[in-house]
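Subject: A structure for you to look at

Hello,

I am handing over the structure we talked about, and my notes follow just below it. Please have it open while you read.

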Amino acid sequence: MAQTKKRITKTARDNNTNYAIGRRKKSIAHVWFAEGKGKVTINGKTPREYFPNEIVINDMMQPLVLLLADKKFDINVKVNGGGFSGQAGAIRLAIANVLVKVNGDDKKILKLKKLTTRDKRVKERKKYGKYGARRSPQFTKR
C-alpha cells in the first residue's frame with residue numbers, strides 16, 4: 001500500500017490557529033499562529049538552531065517586535081527553498097500577514113515599515129553569449 005502525504009491546506013489546522021504564506025526569492029514559508037507564550041519552531045528547530053546568525057533571526061522577528069507581540073503567540077513555521085536570507089524574508093512576510101489577519105488595525109503600522117509588501121526581486125537568468133546575466137566577453141581590438 002502506498003502512503004499518501006498530508007497536504008498543507010490554506011485553512012488553519014484548528015479553530016484557534018491562523019495560517020499565512022510568505023514568499024521571497026526562491027523561498028516559501030508556511031506559518032501557523034496560536035495563542036501561547038512565544039515559542040517559535042522552524043522546520044522542527046528553534047530559530048538559533050536553524051539560522052546561522054542573529055541578524056537573520058532579528059530580520060525574521062521584526063513584525064512581532066514592532067507590535068510587541070513576540071510573547072503572545074506560538075509560531076510554527078515550515079519553510080523550504082532558497083537561502084537563509086530569502087527564508088527569513090519569507091517568514092517575515094508570512095508573520096506580518098498573520099498579524100493583519102488577527103488584528104486588522106495593525107496593518108497601518110506594518111505597512112509604514114513596508115513589512116506587508118512582497119519583495120519581487122529574484123535572480124536574473126543567464127543569457128547565451130554572456131558570462132552571467134549581463135556581463136559580456138572582453139572586447140579585443142586585434
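This is a predicted model: local features need pLDDT of at least 70, side-chain atom pairs count only at pLDDT 80 or more; totals for chains, interfaces and linings use all residues.

Two strands count as paired if DSSP finds at least two bridges between them.

Strand β1 covers residues 17-24 and strand β2 covers residues 27-35; the two pair in the antiparallel sense over eight bridges. Another bridge partner in β2 is F33, which faces N18. The hairpin of β1 and β2 has two residues between the strands, and K25 there takes a positive phi near 50 degrees.

On from there, β2 is also joined by eight bridges to strand β4 (residues 73-80), and these two run antiparallel. Here A34 has D74 in β4 as its bridge partner.

Taken together, four strands make an open sheet with mixed pairing, in the order β1-β2-β4-β3. Because β1 and β3 stand at the edges with a single partner strand each, one side of each has no neighbour in the sheet. On average, neighbouring strands are turned by 15 degrees against each other, direction ignored. Helix α4 packs on this sheet and touches β1, β2, β3 and β4, and its direction makes about 145 degrees with that of β1.

**The core**

The largest nonpolar core has 29 residues, and F33, I42, F51, I75, I91 and L99 touch the most other members. Two or more residues each come from β2, β3 (40-42), α2 (54-60), β4 and α4 (84-102). The largest share is that of α4, with eight residues.

**Charged pairs**

How many salt bridges does a search of the whole structure find? The search finds six.

One of them joins R92 and D59, at 2.3 Å from N to O. Since R92 lies in helix α4 and D59 in helix α2, this pair ties together parts that are 33 residues apart in sequence. R92 is buried, at 18% relative accessible area, whereas D59 is partly exposed, at 24%.

E54 and R48 form another salt bridge, with their closest N and O atoms 3.2 Å apart. Here R48 is exposed, at 62% relative accessibility, and E54 is partly exposed, at 36%.

Finally, back to R24: together with D119 and R121, R24 is linked in a network of salt bridges. Within it, the side chains of D119 and R121 meet at 2.7 Å, N to O.

Notes. Residues are numbered from 1 along each chain as its sequence is written. Side-chain values use heavy atoms; hydrogens and water are left out. A nonpolar core is a set of buried Ala, Val, Leu, Ile, Met, Phe, Trp, Tyr and Cys residues joined through side-chain atoms within 4.5 Å. Buried means under 20% relative accessible area, exposed over 50%, partly exposed in between (1.4 Å probe, protein chains only). Axes are lines fitted to C-alpha atoms, for helices over the stretch in contact, and angles run from 0 to 180 degrees between N-to-C directions. Contact means heavy atoms within 4.5 Å. A salt bridge is a side-chain nitrogen of Lys or Arg within 4 Å of a carboxyl oxygen of Asp or Glu.
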